Amino acid sequence: MPSWSVNDQKIPQGRLALVSYVFVAIVALLMVGFWKLQVVQSGHFADLAERNRVRSIPIIAPRGPMLDREGRVLVDSYPSFSILLMRDDLKSLEKSLPQIEDGLGIDPDDLRQELEAAKNEPKFLPVIIKPAATQADIAFVESHRADIPVLELMMVQRRRYPHNSMLASAIGYVGEVSVQDMDQSEGQYRPGDLVGKAGLEKEYNDQLEGTDGMRRVVVNSVGKVMRTLDNVEAIPGKPVQLTIDYDLQAIAEADMVGKQGAVVAMDARTGEVLAMVSRPTFDPNDFAVRVPKEEWQSLNTDKKTPLLNRAIQAQLAPGSVFKIVMATAMLESKQISENFTAYCPGYANFYGRTFHCWRPQGHGVVGLHAAIVDSCDVFFYNVGKLLGIDTISHYASGLGFGKRTGIDLPGEEPGLVPSEEWVERVYHHKWYAGETISVSVGQGAVTVTPIQLARMAAAVASGGNLVQPHLLKNFANSKVDHFAISDNTVEQVTQGLYGVVNEGGGTGYHLRLQNIDLCGKSGTAQLMSYDAAKRLGTKTMDGWFVGFAPRRNPEIVIAAIVQDTMEHGGEAAGPVVRDIVKAYYDKKNARTLQQATTDSPAQPNSTQPLVATVGAKRP
Amino acid sequence: MKDRPRTQDFDWVLLAIVAAITTLGVLEIYSSTHASAMVGMQWKQLMWLGVGIAAMFIISRIDYHTLMDQAPVLYMFGLATLLVVLVIGHSRFGAKRWVSLGGGPNFQVSELMKLIIIIVLARFFSEVRTDRLTLTDLVKVAALTCIPVGLILMQPDLGTAMVLVPVAIVGAFLAGIEWKHMAVGLVLVALMIPVGWNMRHHLKPYQQQRIETFLHPEENPRSAGYQVLQSEIAVGSGGFWGKGFGKGSQNQLGFVPVRYSDFILAALAEEQGFIGVCVVLLLYLGLILRLVDNAQKAKDRAGMFIVMGVTAILGFHVLVNASMVIGYMPVTGIPLPLMSYGGSATAFVFLALGLVMNVRMRRFVN
């Protein structure tokens with residue numbers, strides 16, 4: 001035995017016992033620890049385990065297409081891939097960045113900026129670095145799965161507008177759901193969901209948007225799908241058939257190229273909108289992916305306001321088109337004789353101010369018919385003076401001005417019909433009698449939208465039926481307001497409007513069409529409301545033309561405005577109206593001819609879609 | 001009194017407990033890996049167990065007094081090996097801990113150092129002639145312990161380095177540390193905590209991250225805190241009765257990190273529930289109490305110190321590993337003895353148990 005082991009000290013039994021007590025205590029504490037997790041909090045952790053294991057992959061439902069009245073596709077959706085960048089592993093992310101920038105052709109600064117912007121978001125949320133991946137991009141991601149694991153593909157449904165900016169102002173656009181909408185939707189939306197943001201996309205969002213499906217899968221710790229638990233297929237959005245006629249729309253679009261203004265063509269009997277153009281406009285395809293910040297800013301700050309749907313949102317002085325209202329008021333109120341005449345030397349003095357007629361040399365002695373046909377201002381100054389603002393206001397309101405038409409589009413503006421009550425309420429002073437003179441020729445405080453003008457003209461020609469304009473084909477509960485106009489009035493006013501186009505001295509004589517009773521009224525506004533003028537920066541004239549056919553109980557009514565023009569309304573806007581009316585009748589005649597020649601019972605409906613569309617619902 | 005130690009005098013009760021624990025371990029390794037690329041790992045673990053048992057028998061035949069005679073040599077050998085590892089060792093998982101054994105399996109040499117420190121400190125404490133430890137003795141103990149601890153820290157391997165400390169502490173306690181010294185020591189440790197906290201910036205980045213992770217596991221759910229969080233989820237979701245053998249989603253789908261090794265208790269907790277955990281913890285308590293019993297019955301203080309050195313290390317392993325699994329301690333890479341998969345770790349435990357058998361067999365030998 002070595003010397004060191006000769007130790008006469010006893011084994012310290014007491015301290016050994018103490019050590020074993022310490023171990024008993026430690027094990028007891030550990031058991032308490034496990035008890036807390038496994039018994040007290042087990043529900044919480046069971047949830048977490050389930051969330052770990054089960055991943056819900058949304059199956060995005062495509063939005064429903066929009067079709068024209070004959071079933072031709074105006075808007076549809078297509079599946080596309082977005083490229084996601086996973087940010088949870090920053091180290092390998094940094095290493096792969098140059099390769100990613102190279103392979104996907106992304107600007108390094110943009111990418112870094114995006115990552116910087118997402119810095120404060122949870123690390124497990126990926127960043128979409130390429131919203132619309134090309135075939136080459138997808139191939140790049142697939143072939144680099146092993147060495148660039150931070151890239152992922154996500155299938156999405158994207159909106160496609162095959163005709164680009166055609167009908168864009170009415171169609172509107174889609175965009176990512178806003179935080180407010182998400183809060184209000186009670187869980188219907190997830191971040192990144194596309195919803196209609198403007199126009200018909202917004203109006204009929206509920207119908208267009210489908211119900212996303214959901215695939216629940218079991219994944220392992222590296223996200224590999226092990227098996228599928230269940231699969232709820234997406235329900236695609238329903239198609240929306242519009243009243244728009246692609247052919248007429250195309251003509252209206254073509255006529256408005258390079259111009260500023262709006263056109264709205266409507267079935268005068270039903271309020272079905274056949275064409276609607278607003279210029280300048282935008283390409284909704286730009287919104288379907290992601291709008292670069294600069295582009296969005298320029299769209300919003302552009303002085304020409306391309307996002308404005310002028311057909312329903314521009315509140316403009318109607319100019320001489322307002323004379324239709326004046327003529328109706330004159331005849332209906334019976335405050336003035338039907339045979340009232342005025343002498344027009346080219347100007348007139350009222351209340352110490354000189355008001356000019358558009359024709360400096362004057363019209364001589366004119367009655368109502370001639371005053372409409374050649375748009376004599378002096379005649380209507382006198383009518384206005386005799387009627388007074390409140391009578392004018394009564395008829396203007398009755399014919400639908402100053403309130404929304406109820407068209408199925410968001411953001412419609414009401415325009416303004418001035419009255420004594422209005423000026424006192426808003427400006428706190430008495431009505432200036434001189435204002436009445438301006439209003440008599442559609443200047444001054446009165447403002448209207450193009451859709452209101454079209455509806456008014458249709459109402460006058462149909463004896464007072466104010467239809468509700470709409471773009472949805474099977475628009476339920478279309479409301480018709482009735483503002484009774486006597487037959488005599490309708491006859492006299494429409495005769496005048498017929499003369500505008502069909503009589504030698506008419507301001508729209510150059511617009512006449514063979515075999516078509518085109519009626520109309522031109523208008524040239526010196527300025528819009530002061531506010532609008534300032535906003536739009538317009539210095540020259542606004543040219544109006546409102547036309548309809550046939551003369552009594554018209555089928556089609558069109559209002560067109562060309563802004564910022566040096567021409568009078570008849571020249572600037574008249575041809576647009578004429579072209580659409582002509583196309584409408586050409587089409588109608590062709591159809592009648594076809595119906596007459598083909599006597600096939602297999603084709604009972606001549607309005608079969610020219611382009612068959614699956615799922616298109618027809619009323 | 002007998003003349004020779006006999007194998008029949010092995011502690012069969014202790015071995016029965018060991019057998020129970022290793023059986024649970026092998027089963028859980030099977031459950032964790034059978035559906036993965038590491039399929040068949042339980043056979044490798046069984047092989048390690050065989051190697052360990054053989055080593056246990058061999059070491060039990062060498063009189064522990066003989067081993068203690070060689071303590072200075074073993075100590076120098078151990079330190080030299082640690083130095084060699086620092087210079088030529090393989091880097092695995094970012095740390096130099098492994099030496100290649102002539103083309104064979106790699107051996108983690110710090111495991112060897114655990115055995116050596118048990119023998120060296122047992123020898124030191126045995127040489128103290130009284131049942132009182134002087135301050136000088138304490139300084140010597142500290143020095144003997146801190147040199148290998150420092151070398152292992154340089155690998156760097158915080159976990160294994162820490163494991164050596166309890167041998168010194170338990171040894172000092174049993175050798176008769178004075179209560180006032182112990183009090184001063186506790187105060188010093190208490191003071192070291194804030195200092196150590198401020199020193200954390202001098203730690204290796206992965207160590208810093210582990211500490212950060214320990215303090216704020218939810219902040220980084222995918223990378224650093226991930227392991228702890230997933231382990232907690234596995235344990236917690238197991239509930240009282242467990243999800244059943246081979247049915248733990250956290251375990252089977254690989255959410256639990258190194259579920260066959262350091263986190264095997266999490267895997268077991270998920271599949272066998274709180275009941276299973278209690279069985280395991282009680283088996284370990286039984287193991288430790290049986291070890292203490294062996295210490296109490298040792299023939300001399302030298303034997304007692306050896307047995308208690310082994311007890312200190314195994315107990316510390318269980319404490320730290322189980323606490324880590326439930327998020328009470330940072331991740332340090334300390335396996336659960338006898339259950340976690342691993343060649344070196346298993347070999348060490350059986351060599352250590354061999355020392356215990358060694359002491360027990362000789363309690364009646366003159």
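**Close-up views of a predicted two-chain model**

**Figure 1. Pairing of β20(A) with β21(A).** In this predicted model, A:Trp544 stands opposite A:Ile561, a residue of β21(A). Eight bridges hold the two strands, β20(A) and β21(A), in antiparallel pairing. Together they form a hairpin in which six residues lie between the strands. One residue of the turn, A:Asn553, has a positive phi of about 45 degrees. Of the ten residues of β21(A), nine are buried, so this strand is largely enclosed by the rest of the structure.

**Figure 2. The five-stranded sheet of chain A.** The strands of this open sheet follow the order β12-β11-β21-β20-β19 in chain A, with antiparallel pairing. At the edges stand β12 (273-279) and β19 (519-525) of chain A; each has a single partner strand, so one side of each is left without a neighbour in the sheet. From one strand to the next, the twist averages 5 degrees.

**Figure 3. Pairing of β11(A) and β19(A) within the sheet.** β11(A) runs antiparallel to β21(A), and eight bridges join them. Within this pairing, A:Val263 has A:Ala560 of β21(A) as its bridge partner. β19(A) is joined to strand β20 (residues 541-549) of chain A by seven bridges, again in the antiparallel sense. Here A:Gly520 has A:Gly547 of β20(A) as its bridge partner.

**Figure 4. Helix α24 of chain A against the sheet.** Helix α24 (residues 574-597) of chain A packs on the sheet. The strands that α24 touches are β11 (260-267), β12, β19, β20 and β21 (556-565) of chain A. The direction of this helix makes about 150 degrees with that of β21(A). Chain A as a whole contains 24 helices and 21 strands. Among the 619 residues of chain A, 44% count as buried. Of the contacts in chain A with a separation of 6 or more, 73% are between residues 24 or more positions apart.

Figure 5. Helix α5 (residues 135-143) of chain A includes A:Gln135. This residue has 8 other C-beta atoms within 10 Å and is therefore exposed, the cut-off for that class being 12 or fewer. The C-alpha atoms of A:Gln135 and A:Phe81 are 9.2 Å apart in space, while the two residues are 54 residues apart in sequence.

**Figure 6. Packing of two helices in chain B.** Helix α1 (residues 12-33) and helix α2 (residues 41-61) of chain B pack at an angle of about 155 degrees, and their axes are 8 Å apart. α1(B) is therefore roughly antiparallel to α2(B), as angles over 145 degrees are classed in this way. The crossing of α1(B) past α2(B) is right-handed. On α1(B), the residues that meet α2(B) are B:Thr22, B:Val26, B:Ile29, B:Tyr30 and B:Thr33. Those on α2(B) are B:Met41, B:Gln42, B:Gln45, B:Leu46 and B:Leu49. By class, the residues of this contact comprise six nonpolar, four polar and no charged.

**Figure 7. The interface between chains A and B.** In chain A, 41 residues are in contact with 51 residues of chain B. Helices α1 (13-40) and α2 (42-53) of chain A each supply at least two residues of the side of chain A that touches chain B. α1(A) gives the most to that side, with 17 residues. The side of chain A that touches chain B divides into 23 nonpolar, 13 polar and five charged residues.

Technical notes:
Residues numbered from 1 in each chain as written. Chains lettered and ligands numbered in written order. Predicted model: local features only at pLDDT ≥ 70, side-chain atom pairs only at ≥ 80, totals over all residues. Pairing = 2+ DSSP bridges. Helix = DSSP H or I, 4+ residues; strand = E, 2+ residues; numbered from the N terminus. Axes fitted to C-alpha atoms, helices over the stretch in contact; angles between N-to-C directions. Contact = placed C-beta atoms within 7 Å. Buried ≥ 20, exposed ≤ 12 C-beta atoms within 10 Å, placed from the backbone. Parallel < 35°, antiparallel > 145°, perpendicular 65-115°, else oblique. Left-handed = near helix turned anticlockwise from the far one by under 90°. Nonpolar A, V, L, I, M, F, W, Y, C, P; charged D, E, K, R; others polar.
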